[in-house]
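This briefing accompanies the sequence and the structure shown below. It is arranged by topic for reading alongside them.

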Amino acid sequence: MSASQSSPSARDQPGPQVTAQATAQPAGPYARARQAADEIRDRTGIDRFDVAVVLGSGLGSFADSLAGAQRLSMNGLAGFAPPGVPGHAGAIVAGRLGPCTVLVLAGRVHLYEGHDVHQVCHAVRTAAAAGVGAAVLTNAAGGIDPGYAVGSLVRIGDHLNLSGANPLTGPHDGPQPGFVDLSTAYDADLRAVAAQVAPEMAEGVYAGLAGPSFETPAEIRMLRAMGATLVGMSTTCETIALRQLGVRVAAFSLVTNRAAGLGEPLSHQEVTAVGQAAATDVVEFLTALVGAIDANPEATP
Ligand code: HPA
């Protein structure tokens, strides 16, 4: 564990109320992420974070398991757009879980809301700029593999980025060219930790599409033929952005429904309801997982 914190008195000071409208923001997405990370440090008094956790629909209660939780609205931080989907809280929560400092990103924005890929990846780039070495991403997904029970969590072992976007596409102010190796996009060590925490959990391949319509049954047959076992509308671009910045990634899908054509007709209400019903189990898993992550593996003899 490598995090350092400033004094409790500094931590207790409410930070300046910086609003996106009032503050000049850097033009480039990577510089905006660094500015947001600086604001988070200033406002929380936490100098460096170990682990980021991105929460998908209906999973906001994970943040309640953090010690010393401090909640910031995404709306007031550099570069953040308020998320627009019911069930997304739109907050950043900073706190501790065991020895780790944790930055929870509760509420993401999506391509289907009309955001560009840099906006979609701003939260995870901010977490990278805040020092995290590992990120745990969660999402809601349709189950393509008929063996997945609705309400169960599946570990993502690999992905198909079919969103039509890639966060490394230039020009931008980040490292270029963006020929990032994705052979092990989802970190083998973190997957092994997850398998220890939840030995029964299946591992699958997540197809990330732009949405917002759900898929047709023909599209699901196509995705299945391509090797996908899960389908959703997030995560793949965030993973690519994090890998470029050297952050280890673990990701998990909550299967909220059987994919189109394999079960009942789909609805966002169902996705949210299943998320809420499974929230306690998911939060329990995430708490155990994050508590078991070695935040600084290079330092381990
Ligand atoms: N398809 C795409 N995204 C989703 C689904 C689905 O079936 N369920 C939850 N998110």
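Strand β5 supplies the largest share of the shell around the ligand, three residues. The model is a predicted one, and its chain has 301 residues, of which 47% count as buried. The secondary structure comes to seven helices and nine strands. Among contacts between residues at least 6 apart in sequence, 82% join residues at least 24 apart.

**Ligand shell**

- The shell around the ligand holds 13 residues, and those that come nearest are A140, G142, V231, G232 and V271.
- Two or more residues of this shell are given by each of β5 (134-143), β8 (230-232) and β9 (248-258).
- Sorted by class, the shell consists of eight nonpolar residues, four polar residues and one charged residue.

**Nonpolar core**

- The largest nonpolar core comprises 88 residues, and V51, V104 and A135 touch the most other members.
- Helix α3 (residues 117-129) contributes the largest share of this core, with eight residues.
- Leaving aside residues up to four places away in sequence, A135 touches A52, V54, V124, A127, L242, V247 and V249.

- Strand β1 (residues 51-55) is largely enclosed by the rest of the structure, because five of its five residues are buried.
- In a regular strand, side chains alternate between the two faces of the sheet.
- In β1 both faces are covered: V51, V53 and L55 are buried on one side, and A52 and V54 are buried on the other.
- Strand β4 (residues 100-106) pairs with β1 in the parallel sense over five bridges, and L105 is the bridge partner of V54 in β4.
- β5 also runs parallel to β1, to which it is joined by four bridges; here the bridge partner of V54 is L137.

- Six of the eight residues of strand β7 (residues 202-209) are buried, and the strand is mostly covered.
- Strand β6 (residues 153-162) pairs with β7 in the parallel sense over eight bridges, with I156 standing opposite G204 in β7.
- β7 pairs with β8 in the parallel sense as well, over three bridges, and L230 in β8 is the bridge partner of Y206.
- Between β7 and β8 the chain passes through helix α5 (residues 217-225), and this β-α-β crossover is right-handed.

**Helix α6**

- Nine of the nine residues of helix α6 (residues 236-244) are buried, so the helix is largely enclosed by the rest of the structure.
- Just after α6, G246 adopts a positive phi of about 80°.

**Backbone features in the loops**

- Most residues other than glycine have a negative phi, and most peptide bonds are trans.
- T235 is not a glycine, yet has a positive phi of about 75°.
- The position of T235 is in the loop between β8 and α6, and T235 counts as buried because 27 C-beta neighbours lie inside 10 Å, where the cut-off for burial is 20 or more.
- G170 and P171 are joined by a cis peptide bond with omega of about 0°; P171 lies in the loop between β6 and α4 (188-197).
- A cis peptide bond with omega of about 0° also joins G211 and P212, and P212 lies in the loop between β7 and α5.

**An exposed glycine**

- Is G227 buried or exposed? G227 is exposed, because 12 other C-beta atoms lie within 10 Å and a residue with 12 or fewer counts as exposed.
- The loop between α5 and β8 contains G227.
- G227 and I144 lie 83 residues apart in sequence, while their C-alpha atoms are 9.7 Å apart in space.

Key: Residues numbered from 1 in each chain as written. Predicted model: local features only at pLDDT ≥ 70, side-chain atom pairs only at ≥ 80, totals over all residues. Core = buried A, V, L, I, M, F, W, Y, C linked by C-beta atoms within 7 Å. Contact = placed C-beta atoms within 7 Å. Near = placed C-beta within 6 Å. Nonpolar A, V, L, I, M, F, W, Y, C, P; charged D, E, K, R; others polar. Pairing = 2+ DSSP bridges. Right-handed = clockwise from strand over helix to strand, strands pointing away.
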